[in-house]
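Subject: Structure handover

Hello,

Please find the structure below. My notes on what was found in it follow.

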Amino acid sequence: MLDLKRIRFETDAVKQELAKRGDPDVAGQIDQVIALDAERRAVIQDVEGLKARRNQTSKEIADRKKAGEDAGELIAAMKEVSDRIGEFDRQLTAAEAQIEELLLLIPNTPLPEVPAGDESANESIRSWGEPLSAAPWRKPHWELGVELSVLDLERGARLSGSGFPVYTGLGARLQRALVNLMVDTHVREHGYREVTPPYLVRGQAMRGTGQLPKLADDAYQVAGDDDLWLIPTAEVPLTNLHGGEVLGPDDLPRRFVGYTPCFRREAGAAGRDTRGIIRVHQFDKVEMVRLERPEDSGAALDELTGHAERILQTLGLAYRVMLLAAGDMAGSSAMTYDLEVWSPGVERWLEVSSCSNCTDYQARRADIRFRREAGGKPEYVHTLNGSGLALPRTVIAVLENYQREDGSVELPEALHPYMGCSRIEP
RNA sequence: GGAGAGGUGGCCGAGUGGCUUAAGGCGGCACCCUGCUAAGGUGUUGGGGGCGUUUGCCCCUCGUGGGUUCGAAUCCCACCCUCUCCGCCA
């Protein structure tokens with residue numbers, strides 16, 4: 001969430017920055033926060049005056065009782081004061097709850113270099129490799145995958161519904177190979193610490209990274225009284241790993257890489273990308289998360305994006321880097337680069353990675369702070385996350401880009417040691 | 001799942017309703033003393049918030065949230081977490 005004090009003191013700047021997202025409600029929400037904050041502070045002044053009086057008088061009551069004197073009058077007076085305090089406290093709690101509710105809905109302020117507008121204002125920053133041109137013999141992965149016996153969509157649907165693919169044989173091994181290649185690269189070459197987190201988290205963690213309350217419909221919640229949610233991305237457990245902590249001067253930066261399954265209802269995307277495995281309810285992903293000093297987060301985003309790109313380069317897959325416009329970014333993000341890989345079978349650019357600098361937005365929700373120096377005041381860290389990479393679309397790109405006219409797939413060299421073979425044949 | 005014990009400041013640890021504005025110790029920091037070292041002395045030492053912003057004043061915070069009371073670390077309720085034993089189990 002945003003800093004309440006910044007909203008109070010730099011109201012217009014905050015509104016202007018948020019306006020780049022194009023959400024018509026947000027200026028009104030800011031005004032509501034301002035009004036509630038004024039009310040809150042007024043009540044605080046009233047109630048704290050009374051509390052100071054109560055504290056003082058309580059001592060006097062104690063003194064009188066010790067001296068064996070009568071304190072009935074004071075006690076009676078204080079009973080009245082306490083009632084008023086209770087009333088003010090209820091007002092205060094209500095105002096604070098309303099402010100909290102609004103702050104949890106207001107998205108992060110985009111950084112200056114982020115273009116205003118919706119998806120159509122996304123900017124292509126750079127590209128790598130040559131997108132393969134169309135050829136009549138090229139097949140989309142849903143045909144190729146079935147012919148190669150690596151993908152079984154029908155049986156997956158029978159088990160769990162559409163959007164739950166089954167990978168078989170070399171398809172299953174390809175998943176494992178890609179995960180290992182990615183995790184190894186980020187650990188050995190990019191300096192990330194490998195983490196295996198829980199796949200179920202509390203609502204608090206989902207709130208920390210911004211999935212709740214807004215995107216509740218998009219997540220799977222476990223039945224029962226557990227308040228447990230299936231993670232839609234490893235960003236949730238990895239970012240919240242140090243939630244509620246104050247890190248020391250030497251603890252930053254922290255760089256985590258984790259491989260996890262991800263679960264998404266895709267509630268808002270019904271009917272889109274229904275063929276193949278472009279959009280599914282369960283998929284695997286290798287995710288990088290970084291906790292950085294505020295002054296380092298800008299450079300860290302570039303570096304993180306480069307780390308994700310490195311995987312595509314290693315696999316020899318053509319891609320482009322998109323700077324997302326404010327309106328296309330997730331609410332938690334202040335700046336996002338998407339990596340889009342070319343799919344010659346589907347003949348589309350497919351998003352395989354989203355790398356975001358969430359500045360202090362998630363840190364404030366999840367309460368992740370650090371001290372610059374021993375004894376210094378705690379400050380919020382900056383959090384970043386980026387896929388490195390999402391598996392299904394990487395699998396699509398590998399299969400479709402490396403397919404041969406004879407129907408086989410000649411695997412990229414980097415995968416040979418992980419696959420134990422160099423081709424997938426029908 | 002059953003039974004029990006417990007969560008106090010950076011750490012250890014005292015504290016069954018007002019003498020705690022959380023004792024004492026350790027650690028950290030500052031200063032003093034000692035011609036080195038060791039030891040000693042004095043003070044200080046969490047987080048959040050409000051008002052004023054120059055020194056400051058005040059409120060909240062003893063796992064979390066409620067409740068009882070003039071007053072709660074202390075009593076009551078719910079939840080979270082840790083530990084021990086039993087059962088079950090990959």
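This is a predicted model: local features need pLDDT of at least 70, side-chain atom pairs count only at pLDDT 80 or more; totals for chains, interfaces and linings use all residues.

Residues are numbered from 1 along each chain as its sequence is written, chains are lettered from A and ligands numbered from 1 in the order in which they are written, and side-chain values use heavy atoms, with hydrogens and water left out.

The cavity

A cavity is a set of points, on a 1 Å grid over the protein atoms alone, where a 1.4 Å probe fits but cannot get out; lining residues have an atom within 4 Å of a point. Grid points are joined across faces, edges and corners, and a volume is the space filled by probe spheres set on the points. The count comes to one cavity of 30 Å³ or more, and the largest cavity holds about 40 Å³ of space. Its lining consists of Val150, Leu151, Tyr167, Gly171, Leu174, Val395 and Leu399. Helix H7 (170-188) and helix H12 (391-401) are the elements that give two or more residues to this lining. Helices (H or I, at least four residues) and strands (E, at least two) are DSSP runs, numbered from the N terminus.

The RNA

Around RNA strand B there are 25 residues, where near means that a heavy atom of the residue lies within 4 Å of the strand. Asn55, Ala62, Met78, Ser82 and Arg202 come nearest. Helix H3 gives the most to this surface, with 14 residues. By class, the surface near RNA strand B has seven nonpolar, four polar and 14 charged residues.

A polar side-chain atom of Lys5 is 3.4 Å from a phosphate oxygen of RNA strand B, and for Arg41 a side-chain N or O atom is 3.1 Å from a phosphate oxygen. Glu48 has a polar side-chain atom 3.1 Å from a base nitrogen.

Regards

Definitions and conventions:
A polar contact is a pair of N or O atoms within 3.5 Å; within protein, one must be able to donate a hydrogen and the other to accept it, and residues adjacent in sequence count only if both atoms are side-chain atoms. Ala, Val, Leu, Ile, Met, Phe, Trp, Tyr, Cys and Pro count as nonpolar, Asp, Glu, Lys and Arg as charged, and the others, Gly among them, as polar. On a 1 Å grid over the protein atoms alone, a cavity is a set of points where a 1.4 Å probe fits but cannot get out, and a pocket is an open set with protein on both sides within 12 Å along at least five of seven lines; lining residues have an atom within 4 Å of a point.
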